[in-house]
Amino acid sequence: MSAQETSTDANTSLSDLRELVREFVEERNWKKFHSPKNLSMALAIEAGELMEHFQWITTAESRELDEEKKAEVGEELADVLCYSLAIANEMGIEVASTLKKKMVKNRLKYPVEEILGRFGHDDPRPISED
């Protein structure tokens with residue numbers, strides 16, 4: 001599927017996205033710049049640009065962005081994802097299996113019966129379903 005075709009999360013695989021990023025990098029002869037160090041730094045910069053859209057607004061406002069602002073956030077999220085996939089490509093990391101293994105660790109670290117409705121173990125609030 002090319003970038004011009006209508007893509008949705010439902011009809012686009014992670015492999016498709018990795019290949020899209022790989023082709024983009026290859027076409028520009030950028031692999032020589034794509035060390036894990038450089039890519040991780042670029043990823044952090046893009047994450048900062050994503051965060052800028054939410055700076056100085058309330059939590060409620062961050063959930064109710066207009067369509068134009070939501071599109072801008074989507075562009076920054078795409079940049080974060082591109083650099084994440086570029087790192088995976090460069091380092092040969094299997095994203096799906098790595099993410100699944102990490103979620104297993106997270107479930108053990110944050111069991112529902114201890115964390116429900118709380119941000120973490122240090123959250124002084126009682127367990128809550130609200």
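Reader: What is the relative accessible area of K70?
Author: The model is predicted, so local features need pLDDT of at least 70 and side-chain atom pairs count only at pLDDT 80 or more, while totals for chains, interfaces and linings use all residues. Residues are numbered from 1 along each chain as its sequence is written, and side-chain values use heavy atoms, with hydrogens and water left out. Buried means under 20% relative accessible area and exposed over 50%, with partly exposed in between (1.4 Å probe, protein chains only). K70 counts as partly exposed because its relative accessible area is 46%.

Reader: With which residue does the side chain of K70 meet in a salt bridge?
Author: A salt bridge is a side-chain nitrogen of Lys or Arg within 4 Å of a carboxyl oxygen of Asp or Glu. Side chains of opposite charge can pair when their charged atoms come close. Here the N to O distance is 3.6 Å, and the partner of K70 is E67.

Reader: In which helix do K70 and E67 both lie?
Author: Helices (H or I, at least four residues) and strands (E, at least two) are DSSP runs, numbered from the N terminus. E67 is exposed, because its relative accessible area is 59%. K70 and E67 are three residues apart, about one turn of the helix, and that helix, covering residues 67-91, is α4.

Reader: How far apart are the closest N and O atoms of E72 and K69?
Author: E72 and K69 are three residues apart in helix α4, so about one helical turn separates them. E72 is partly exposed because its relative accessible area is 31%, and K69 is partly exposed because its value is 27%. They form a salt bridge in which the closest N and O atoms are apart by 3.9 Å.

Reader: What is the N to O distance between R22 and E26?
Author: R22 and E26 both lie in helix α1, four residues apart, about one turn of the helix. R22 has a relative accessible area of 33% and is therefore partly exposed, whereas E26, at 56%, counts as exposed. Their side chains meet in a salt bridge, with an N to O distance of 2.6 Å.

Reader: How many salt bridges does the structure hold?
Author: The pairs discussed include R22 with E26 and K70 with E67. For the structure, the number of salt bridges is seven.

Reader: At roughly what angle do the axes of α1 and α4 cross?
Author: Axes are lines fitted to C-alpha atoms, for helices over the stretch in contact, and angles run from 0 to 180 degrees between N-to-C directions. The axes of α1 and α4 come within 9 Å and cross at roughly 90°.

Reader: How is α1 oriented relative to α4?
Author: Angles under 35 degrees count as roughly parallel, over 145 as roughly antiparallel, 65 to 115 as roughly perpendicular and the rest as oblique. The crossing angle of α1 and α4 is roughly 90°, which means that α1 is, relative to α4, roughly perpendicular.

Reader: Which residues of α4 make the contact with α1?
Author: The axes of these two helices, α1 and α4, come within 9 Å. Contact means heavy atoms within 4.5 Å. On the α1 side the contact involves L14, L17, R18, V21 and R22, and on the α4 side it involves L81, C82, L85, A86, A88 and N89.

Reader: What is the phi of W56?
Author: Most residues other than glycine have a negative phi, and most peptide bonds are trans. W56 is found in the loop between α2 and α3, and at 77% relative accessibility it therefore counts as exposed. Although W56 is not a glycine, its phi is positive, at about 75°.
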